[in-house]
Amino acid sequence: WNQKAVKITGYSRLEVLGKNLIDDGYIRDEHKESVKTVILAALEGKETENFEFPLYTKDGSKRIEILLNASSRREVMGGI
């Protein structure tokens, strides 16, 4: 969570780091399942490019379109 994300969303770094963005209220209910599917797929080694979903500012006044690219980090031997 960088300074630009803080400025755009109104959420501080401390409010977001270590939190579950899906379950802790950062993503609205109607988008939770699709975002969760993309993230779980990445954990299984399936990459997703250019997945869009809305994120609302902390005060709820603005909708921001997020473009998510999810991929797994792999170790030298190819494991996730």
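User: Before we start, what counts as a salt bridge here?
Analyst: A side-chain nitrogen of Lys or Arg within 4 Å of a carboxyl oxygen of Asp or Glu. One case is the pair K46 and E44, whose side chains meet at 3.3 Å, N to O. Keep in mind that this is a predicted model.

User: Are K46 and E44 buried, partly exposed or exposed?
Analyst: K46 is partly exposed, because its relative accessibility is 49%. E44 counts as exposed, with 54%. The cut-off for exposed is over 50%, so the two residues fall into separate classes.

User: How many salt bridges are there in the whole structure?
Analyst: A search of the whole structure gives 4. Among them is the one between E65 and R63, where the closest N and O atoms are 2.7 Å apart.

User: And how accessible are E65 and R63?
Analyst: E65 is partly exposed at 43% relative accessible area. R63 is also partly exposed, at 48%.

User: Which residue does D29 pair with?
Analyst: D29 forms a salt bridge with K32, and their closest N and O atoms are 3.2 Å apart.

User: Where do D29 and K32 sit relative to each other?
Analyst: Both are in helix α3, 3 residues apart, so about one helical turn separates them. D29 itself is exposed, with a relative accessible area of 61%.

User: What else is in helix α3?
Analyst: L40, for one; the helix covers residues 29–43. L40 is partly exposed, its relative accessible area being 44%.

User: What does L40 form with I39 and L43?
Analyst: The three make a nonpolar patch on the surface. Together I39, L40 and L43 have about 280 Å² of accessible area.

User: Let's zoom out. How many helices and strands does the chain have?
Analyst: The protein chain has 3 helices and 2 strands. Starting at the N terminus, the order is α-α-α-β-β.

User: What are the overall dimensions?
Analyst: The C-alpha trace spans about 45 × 25 × 20 Å along its principal axes. The chain has 80 residues, and 30% of them are buried.

User: How much accessible surface does it have?
Analyst: About 5900 Å², with 52% of that belonging to carbon and sulfur atoms.

User: Back to charges: how many positive and negative side chains?
Analyst: There are 13 positive and 13 negative side chains in the protein chain. The centres of the two sets lie 7 Å apart.

User: One more: what share of contacts joins residues at least 24 apart?
Analyst: That share is 34%, taken among contacts between residues at least 6 apart in sequence.

Definitions and conventions:
Residues are numbered from 1 along each chain as its sequence is written. This is a predicted model: local features need pLDDT of at least 70, side-chain atom pairs count only at pLDDT 80 or more; totals for chains, interfaces and linings use all residues. Side-chain values use heavy atoms; hydrogens and water are left out. Patches are made of residues with over 30% relative accessible area and no salt bridge: like charges are joined within 9 Å, nonpolar side chains (Val, Leu, Ile, Met, Phe, Trp, Tyr) within 5 Å. Accessible areas come from the Shrake-Rupley method with a 1.4 Å probe; for residues, only the protein chains shown count as cover. Helices (H or I, at least four residues) and strands (E, at least two) are DSSP runs, numbered from the N terminus. Buried means under 20% relative accessible area, exposed over 50%, partly exposed in between (1.4 Å probe, protein chains only). Contact means heavy atoms within 4.5 Å. Lys and Arg count as positive and Asp and Glu as negative; His and the chain ends are not counted. The place of a charge is taken as NZ of Lys, CZ of Arg, CG of Asp or CD of Glu.
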